[in-house]
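Reader: Please pick one part of this chain and take me through it closely. Then place that part in the whole.

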Amino acid sequence: MTYDLTPRPLNKAPRTPAMTWPNGARSAVFIGFDVDAETAWIGNSPSNIDRMVTTSHGGYDARVGIARIVGLMDELGLKATFFTPGWTALAHPEACETILRAGHEIGHHGYLHKMPDRDRLDETFEEIDRGFDALQRVFGKRPVGYRAPSGENFPELIAYLARSGIRYSSSFRDDILPYRHAASDGMPGPVEIPINFAFDDWNFGMSSRASPRPLFGREAVLSLWIDEFEATHAWGGVTTLVLHPQVSGRPMRWHLLRDFLRHVQEKGDVWIATGEEITNHFEALERHRGAS
Ligand SMILES: [Zn+2]
């Protein structure tokens with residue numbers, strides 16, 4: 001494999017002109033959960049399948065985390081998007097069905113949580129197809145949103161997602177407003193709802209023997225999240241959360257997430273929406289711009 005390192009903008013998607021949010025809201029919040037379960041531990045390291053303690057980090061999802069998170073959303077009256085790998089849905093159909101029954105959106109998050117790899121296109125596309133098949137089988141529904149497992153993407157995959165019916169992606173880190181991907185094959189790409197890496201709870205709340213990281217407590221994380229949210233709100237952007245039930249479904253982190261979401265709700269002029277709702281809104285604005 002040779003690499004084209006010519007200086008050029010690597011993301012050719014045009015920037016979105018200033019954006020308005022529904023109901024006069026100043027900013028939007030997109031609550032996204034990644035229901036990785038054990039796939040976070042076996043997708044890129046299949047030998048972990050025989051390490052029950054290592055994979056038990058992910059086992060927390062089905063035993064405790066999903067139910068606690070769905071309960072929290074219910075308590076606060078919020079709807080979220082749950083990006084679910086196909087393997088998780090097949091391994092834990094009962095826990096996953098509670099998500100759909102509570103009225104949340106199910107998004108695509110690969111099949112076995114393998115990181116998309118441009119050097120292995122066939123394997124990458126197979127992850128997409130198998131993910132669709134599994135989610136369709138368990139939920140009876142084809143998702144329209146995609147978050148890349150281990151957060152990677154490239155032009156061929158963006159085009160493949162659009163051809164597969166994916167209307168939006170939520171993985172990139174290069175904006176505070178949604179934008180439309182420019183797919184390399186000439187077709188319009190999906191909408192991107194970019195994430196803010198400060199809202200990936202894995203960074204502060206997950207440590208293991210295989211990948212030890214420092215853990216951060218309530219005050220550090222809550223103040224970071226509130227400050228990032230307040231600043232994004234002032235700029236009229238979208239605050240996209242990248243949460244994991246095996247992290248934020250843990251007792252202390254569950255309480256801290258509840259306090260953060262209450263802070264957001266108390267703000268009043270914030271539109272809290274699922275990925276599909278934000279995409280619908282973005283596309284309505286596109287049609288309006290096209291018509292004017
Ligand atoms: Zn994930």
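Author: Helices here are DSSP runs of H or I, at least four residues long, numbered from the N terminus. The model is predicted. The part to look at is α2.

Start with its length. Helix α2 takes in residues 52-76, 25 residues in total. At 1.5 Å a residue, the helix should span 36 Å. Its end C-alpha atoms lie 34 Å apart, so the two values agree. Still, α2 has a kink of about 55°, and the kink is centred on Val-64. After the helix comes Gly-77, with a positive phi near 70°.

Now the buried residues. In α2 these are His-57, Gly-58, Asp-61, Ala-62, Gly-65, Ile-66, Ile-69, Val-70 and Met-73. Their cover includes the strand β1 (27-34) and the helices α1 (39-42), α4 (93-101) and α9 (245-248).

Take Ile-66 from that list. Beyond its neighbours within four places in sequence, Ile-66 contacts Val-35, Asp-61, Ala-95, Thr-98, Ile-99 and Pro-245. Nonpolar side chains tend to be buried together in soluble globular proteins. The largest nonpolar core of this model has 59 residues. Ile-66 is among those with the most contacts inside that core, along with Phe-30, Phe-33, Val-35, Phe-82 and Ile-278.

Finally, the whole chain. Its secondary structure comes to 11 helices and 9 strands. The radius of gyration is 18 Å, close to the 19 Å from the globule rule for 292 residues, so the chain is as compact as a globular protein of that length. Buried residues account for 41% of the chain. Of the contacts between residues at least 6 apart in sequence, 75% join residues at least 24 apart.

Note on methods:
Residues numbered from 1 in each chain as written. Predicted model: local features only at pLDDT ≥ 70, side-chain atom pairs only at ≥ 80, totals over all residues. Helix = DSSP H or I, 4+ residues; strand = E, 2+ residues; numbered from the N terminus. Expected span 1.5 Å × (residues − 1). Bend = angle between axes of the 7 residues up to and from the residue. Buried ≥ 20, exposed ≤ 12 C-beta atoms within 10 Å, placed from the backbone. Contact = placed C-beta atoms within 7 Å. Core = buried A, V, L, I, M, F, W, Y, C linked by C-beta atoms within 7 Å. Rg over C-alpha atoms; globule rule 2.2 N^0.38 Å.
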